Amino acid sequence: MAKIPTSNRKLPLFAASFYQYPINHALNAFKDKEHLPSFLMLIHALNLLPKPEGASRHNTVIIPVPTTNQRLKHRGFNPTLALARYLSYHWKIPVWQGVVRIDDASHQRGLDRDKRLKNIKNAFYVSKVLSVKQAVLFDDVVTTGATLSAMASALWQTDPDLKMLAVCVAHGRDGFSKLGG
């Protein structure tokens, strides 16, 4: 488990895998080309993540990192939402899409840590009232944690008592140990 620093809190992060071969190739093929066999490999990786203790459809939601309208139009689908929907099915916890991403931030891919943090700051807002007290933030790949940190900050602004943790398919930071390892 890693911890993602947010404004004044830590967000626990659990990853199913490292961002290395073959997972990195599968993620890129699925995200960029809608390659179904790669999606199946990523689902297999998600099956390695244990459901958070005490989480149920009554008290917890999965919140996938939203994409921008521009990226959705370009790709034709939201790969992170597709993976979150599988995790929702697997864990029997609903997906909640009440966080919106503002379209003016550029893509995080290829930016260094400082540029990622600056690029994504204030890029999210909460558009609905959350009716549970625990949330699992979900992203496909986490490198610096900037995206999840910005999303968590937006959620904590609307509900400071919200319990959160984050999960991802792959983590790209050196030294990050796999869940349970």
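Reader: At roughly what angle do the axes of helix 2 and helix 4 cross, and within what distance do they come?

Author: Two notes on the source come before the reply. This is a predicted model, in which local features need pLDDT of at least 70 and side-chain atom pairs count only at pLDDT 80 or more, while totals for chains, interfaces and linings use all residues. Residues are numbered from 1 along each chain as its sequence is written, and side-chain values use heavy atoms, with hydrogens and water left out. Helices (H or I, at least four residues) and strands (E, at least two) are DSSP runs, numbered from the N terminus. Axes are lines fitted to C-alpha atoms, for helices over the stretch in contact, and angles run from 0 to 180 degrees between N-to-C directions. Here the axes of helix 2 (residues 36-46) and helix 4 (residues 79-91) cross at roughly 45° and come within 10 Å. That angle makes helix 2 oblique to helix 4; angles under 35 degrees count as roughly parallel, over 145 as roughly antiparallel, 65 to 115 as roughly perpendicular and the rest as oblique.

Reader: Which residues meet where helix 2 and helix 4 are in contact?

Author: Contact means heavy atoms within 4.5 Å. From helix 2, Phe39, Leu42, Ile43 and Leu46 meet Ala82, Leu83, Tyr86 and Leu87 of helix 4. Sorted by class, this contact has 8 nonpolar residues, no polar and no charged ones. In this scheme Ala, Val, Leu, Ile, Met, Phe, Trp, Tyr, Cys and Pro are nonpolar, Asp, Glu, Lys and Arg are charged, and the others, Gly among them, are polar.

Reader: How do helix 1 and helix 2 cross?

Author: Their axes come within 8 Å, at an angle of roughly 130°. Helix 1 and helix 2 are therefore oblique to each other. On the side of helix 1 the contact is made by Ile23, Ala26, Leu27, Ala29 and Phe30, and on that of helix 2 by Ser38, Phe39, Met41, Leu42 and Ala45. These residues divide into 9 nonpolar, 1 polar and no charged.

Reader: Which residues of helix 1 are buried, and what covers them?

Author: Buried means under 20% relative accessible area, exposed over 50%, and partly exposed in between (1.4 Å probe, protein chains only). In helix 1 (23-33), the buried residues are Ile23, Asn24, Ala26, Leu27, Ala29, Phe30 and Lys31. Their cover includes strand 2, helix 2, helix 3 (69-75), helix 4, strand 6 (134-142) and strand 7.

Reader: How is strand 2 placed, and which way does it run beside strand 7?

Author: Two strands pair if DSSP finds at least two bridges between them. Strand 2 (residues 10-18) is mostly covered, with 7 of its 9 residues buried. It is joined by 5 bridges to strand 7 (residues 163-171), and the two run parallel. Phe14, for instance, has Val167 as its bridge partner in strand 7.

Reader: Is Thr67 buried or exposed?

Author: Thr67 has a relative accessible area of 19% and is therefore buried. It lies in the loop between strand 3 (60-64) and helix 3. Apart from neighbours within four places in sequence, Thr67 is in contact with Leu72, Asn78 and Arg101.

Reader: How many helices and strands are in the chain as a whole?

Author: The protein chain has 6 helices and 7 strands. Of its 181 residues, 52% are buried.
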